[in-house]
Structure formats: C-alpha cells, structure tokens
Amino acid sequence: MFYLQILINGIMIGALYAAMAMGLTLVWGVMNFINFAHGVLIVLGAYTTFYVFQFWGLNPFFALPLSMVLMFLVCYFLQKLLINLIVRASVFMTLIMTFGLDTLLTNLAILAFTVDYRMVSLPYTGSGFSIGSLTIPYIRLLSLVIAFGLTGGLILFMNRTKIGNAIKAVGLDKEAAQMVGVNVAKTYAITFGIGGALAGAAGSLIAPIFSFSPIFGGEVGLKCFVIVCLGGLGSVAGAIVGGLTLGLAEVFGSVLIGEGFKNAIAFGLLVVILVLRPQGIIGRKFFAEIKH
Amino acid sequence: MAGFVAPAILGNNSANEEVGPMKERSPIFCGGILFFTLLALLFSLFLSSEAWAEEKIIKFGCSISLTGSLSREGYGTRDGLELWKWWVNEKLGGIDIKGVKYKVDIKYYDDESNAVRTVKLIEKLVTDDGIKLLFSPYSSGLVFAGSAASEKYKALMVNVGGTAEQIFGRGFRYIVTGTGTSPLYFKGVLDLAAKQNPKPKTVAILYANDIFSRDAVKGAVDKCKELGFEVTFNQVFPQGTKDISTPLTEIRALQPDILLVGGHYSDSVLAVQQAKDLKVNAKLFSCLVGVPVPEFVKALGKDAEDVVGMGWWTPDVNYQDPIWGSGETFVKEFVKKFNYTPDYHNFDGAFGGELFQLGIKKAQSTDPMEIRKAFDGFEVPSSLGGPIKMDKQGVNVLAQTVVLQIQNDKAVTIWPKQVAAAKFIYPKPPWE
C-alpha cells in the first residue's frame, strides 16, 4: 500500500508537471523558440488566480479560463510587438530576449506583489478521500483531471481546427505553410498566445497546491525545460509523458535513494535521455530539428 | 603675457584663416571664474565639515534580504534595526562616547537572499562606503559567506540572523552574536515533550538541506539520545523544494510521536500543508522557523493550530534592559511604530543594535578592534534577550530558546515555565 501511495503521489505531481510544460513544448516545437520566460508566465497565472480568489472569491478552478484568456492576450501582444522582431534570429538571440523578459517580468511582479509567499487556501485544502490507507487529496485529483483535460483539449484543437492545423504546418515547414496561404506571423502570435494561456492554466492549478512568489518562476521554468526534453519537443503527448516520467522518477527515486537527491535524479534522467534518445521519449526527429 | 596666454587658451586667430568673429575673453575674466570656483569649493568643504561637526554619526552597514526567499525574515530584522536606531537617536539622544553623543545611521543593501551578492555588498560597504561596523545578513548560509568578507577587512559584524555553529567555530575574530547557536533550537521542544505523560517514544525528523537546519537537527538528534527518544526517520530534502509528499508518506507509515521539520518559513508552511494533505499525524508537530511569524497563521489558517515553534525571544519575555528599560517597552514602541506585534526576527535586529551599543559603550570607541576586545569576557546581567556572557568565539553562552505554540490563531509562549503565557496543548489532534 505504501508503494501504491507513492505511485499515486507520482502520478498526481506528474500530471501537474505536464500541465506546466505543455505551453513550452508547443512554442518550442512550432517556433523553434525557447521561451525562458515560461516559468514567470506560470507564476503570473497563479497570481491572477490568487487575486481573483481574494477579491471576488472565485474558485481557482473556475478562475482558470480567466487566467488563460489574460495570459493569452499578454503573450499574443508580446509576440506581435516584441518577440516577432527576433523570431528569425539565432537561437542564442531568442534565449537572450526571453531571459531578459523573464528578468523584467519577475522584477515587475516583485514590485507589484512583493516576494511574500502566497497560496490559495480553499475550504477543502488538505481534504481528500481515503481508500484503506491510501489518501488522495481532492485538489490534486482535480488538478490531475484538469491537466488531462487540457491535454485532450489541446490535441483536439491541434488536429481538428484550422488554426491547429496551421500551427502544425508552420511547425513542420514554415515556407511550405506560407505557400499554401498560412499567415506565419499571425500563427506565431497565436501559438505564443496559446503557450501563454497554457501557462496561465498551469498557474491556476498550482495556486491551491504550492505556495508561490515571483522568484518561483525560475525553478518552474527549469523543471518545464527538463520535462519537454524528456517527453519530446513539440509534442503535446510528450509533455504528458515527460511530466509523468519526471514525477514518478522523483518520488520513487526519493524513496529508493533519498529525498535530498531529488534534483540530481531529475537532471540525471535528463542526461540519460539526451544521450540515449535526444528527441525525447516519444518525440519525433523532425520536430526536434534545429532549423537554423 | 596676455598676448601669449589668450591665444593659447582660445586658439590662434590668424588672419589667414577664414573664421567668424570671435569672442575675446580677457585673462582677468578667466582668472575670476577660476578664483570663484575655488572659493565655492572651499566654502562647501567648510560647510560640510561644519555640518559633520554639529552631528556626530556612527555609521553601520547591513546587507539584508529585502527580496527573495528570505525577504520576510529580512524585513523583520530590518524593522527591529530601525526601531533600535530610532530609539537611540530620538529617545536616548545618541550613544555616549567620552562625553559626546553620537547618533546612529544604518546603510542597507538588498542581498536578494543570495550568498554571492551578500559577499559583494559587504565588500562594497567596507571599501566604497567606508563602514566597518556591520550587522549580519539573515540566515546562516548568508552569514557564513558574508562573515568571511567582513573578517578579511577586519570589519566587526554583529550577528542578527544566522545561528549555525560553523559560523562561529572558524576562529573568526570579527563576528559576535547575542543569541545562541542552531543546535539549541529543538532542545526546548524536546525537553518539553519529555515532561509529558505518557512520554513520547519516537521522533521523525525531516529537514531542508541548509547549514542552519543541518545544525539544528544535529542538536535535536543529540538531545533525543539524551532523553531516550528513538529517531525513526531522519532525512534531508533539497532546499527550496515545493513537494515533500514522498518523505511525508514514509513518515506517515512510521506513525511517530514527534515530528520535527527543519527549514525556513516557506519550508514550514509547505510541511504543514502537505502533512495535512496526506494525513500525517503526530502528537507533537514542530517547525524550526516561521511559527512565531504572523504570516504563518495567515498562510495556513486553522491548519496552523497546535503547531509548535521556537525562537530566541517572544513578546512574553520581559527582562529588564539597560537600553529599553524593559522588554515590555520594546514591544510597546515597536507596535506604535510598525503597527504589528514583534516576533523574534524583529527582536534579532533590535538586540543586535543593543549589543553593538553596549560594546561601543564599554570600549568607548567606534574602532572595530576595540569594540571586539570589549566583547571579550563581556557580561551583562540582564538585557532584552536575557543575561549575556560571551565566550571566546563571541557567542552568548547563556542564550536559550523559547518555545511557542499556535493556539486560537496566535503564537503563545509555552516554555520555559517562567515566561509561559499558556499551557502546552498535547497531543495535537489528528487531521480531520
């Protein structure tokens, strides 16, 4: 039963990780653009949820769409006005730009919200249901359901909508996509916006689970980076696989080796995957190609 | 002469060059400008020295965490320092050195909770700002790093935020502390637990991988051996982690009587939240840092109830004091100025200031070495933090921790008996 509890813990945290990484993998896979600021976007989503809860009493799970819309708009306009200027530049330039954006947004968040830790405490925080000696907290279960729901929604969007197909086409070959009438600039903006919306959703999910502050963004961003590399670049399902793999590796590694080695386990796993299968567990080669 | 100087300054006005009409400035004019500039410079120097002569100021420096993961504690420490500064300047008129009153001023820099930045800022305080009387940063990691810099420059540092034994065990001369060291932290809690009937048997320890928590846990393990408690779980987690559900799940299976969690404020909040999530029960649940801070109850609400914490001081500790008169006065003035009840981080700042003040008074000097010599064998029968007796390493060997517990959304003192304001609630009820 103990190992079953550990397994459940791993799946729940893994689903959360997957939700966090989805936006990053989408942007990276389609635009070949490593968004260093992804972590702070998640934190801004968490702050949106927190303040909506504080002022209007809206449950974080109902505030999730609001958080998504807000972060979509922020990222859409960021891409159109700023990132579009360097999207054709080398990967190094995009890293520098998003690193600067991350620093700017983090410090603006510190000014606005201070670095005090916040958390959304709901009446059922800490509550859960028990099956024998197994305990499943309600909030983590809800987050797991929503994370899978978001993944399913995104997969449907990418496969069944015109915009989704356009995004996939641009990710595969932007010149060819342009030739068939896809507006690449607009598609990039929408993709970045969707990435931001997913970051906002992840922020809403973490707000009732972890305490957060603006400086949390760096750690979150780094974790997302590991998940994306593990699962496979540009693959939504890869984010799920990567998230679950990391979550399970952390919990079982913690039991077998020690909690103190959790970060070492995560990055060690990354190194192994990069050596043995650089495109990620389920990533496909052409998604992982560097275009420049 | 003017015929040579003017062209040299103003350029050659040869008839062969096609130039426009040129303004001629006489050498007298230039000389006049120079003269008045020099006069103004001398006058301003005179004025500033006059201003300085009117008000003597002792300058202190402090690299403190105003942003970052330790900012809550950093702000608290700074508030304590600011109150001490205000008290000295406004109420006492300054620190008396050989019959002259010196006001105090403190220059702060934000170390962003980063040890590398702490070292750079301390070097800046000493080299750029010329300040050699320093208050430490907050947290053992930053004090450990920063005190190496202050030692290098022979700048005296009074500790206001770090208690790891390693800080004071390096043979450094230029750091002193009015509080004790980390191994003392959990001892009061365990002493209190040992007095309960039936006596608890098993202890689980989970702590963050930082210098302060490791030291505190070392002291806890020694105390457990002394009191006959069995340590059934003892594990470290990475500093700053957001999920400790796995070790907590292991602890739940062991059903310990006592659960000790080491770490700073955010680690304590995380531990309580996730212990409730996973229904990890213990008759005594204690966190190393954070419990006395009002934000602890704000963050956790009813989940904070009955959690035990500790510190070097609580508002219930009311010693007679040579600077403040009494601990009660300190609390009253703090609430008046900052509009909240002080916790031990605020006390650390104010007590650090008091220690410097007493040292300067004894040395009758602001020279760091003279003040440090004054701390050799330094004894004070009663102060804000109780009696002081400095050992060779600059540590107050008479310091003891105070234990508190969250009861009805407030942190109340429960140990030692002479300062207890409420009874210890034991056992902690299981999570619903």
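Select B:S113 first. B:S113 is buried, with 25 other C-beta atoms within 10 Å (buried means 20 or more other C-beta atoms within 10 Å of the residue's own, exposed 12 or fewer, partly exposed in between, with C-beta atoms placed from the backbone). Its phi is positive, about 60 degrees, although B:S113 is not a glycine. The residue sits in the loop between β3 (100-110) and α4 (115-127) of chain B. Helices here are DSSP runs of H or I with at least four residues, strands are runs of E with at least two, and both are numbered from the N terminus.

This is a predicted model, in which local features need pLDDT of at least 70, side-chain atom pairs count only at pLDDT 80 or more, and totals for chains, interfaces and linings use all residues. Residues are numbered from 1 along each chain as its sequence is written, while chains are lettered from A and ligands numbered from 1 in the order in which they are written.

Next, pick B:N408. It too has a positive phi, about 50 degrees, without being a glycine. Look for B:N408 in the loop between β16 (402-407) and β17 of chain B. B:N408 counts as exposed, with 9 C-beta neighbours inside 10 Å.

Move on to B:P416, in the segment after β17 (410-415) of chain B. The peptide bond from B:W415 to B:P416 is cis, with omega near 0 degrees. Then select B:P427, which also lies in the segment after β17 of chain B. The bond from B:Y426 to B:P427 is cis, with omega near 0 degrees.

Now colour chain B by domain. Domain 1 covers 57-180 + 316-400, and domain 2 covers 184-311 + 403-419; the bounds come from an automatic or database domain assignment. Their C-alpha centres lie 28 Å apart. The contact takes 20 residues from domain 1 of chain B and 16 residues from domain 2 of chain B (in contact means C-beta atoms, placed from the backbone, within 7 Å). On the domain 1 side, α5(B) gives the most, with three residues.

Switch to chain A. Show α1 (residues 2-31) and α8 (residues 184-206): the two helices pack at about 170 degrees, with axes 8 Å apart. α1(A) is therefore roughly antiparallel to α8(A) (angles over 145 degrees count as roughly antiparallel). Among the residues that meet are A:L16 and A:M20 in α1(A), and A:Y188 and A:F192 in α8(A).

Finish where the chains touch. Chain A gives 27 residues and chain B 34 residues. On the chain A side, the largest share, five residues, comes from α1(A).

Technical notes. Axes fitted to C-alpha atoms, helices over the stretch in contact; angles between N-to-C directions. Parallel < 35°, antiparallel > 145°, perpendicular 65-115°, else oblique. Contact = placed C-beta atoms within 7 Å.
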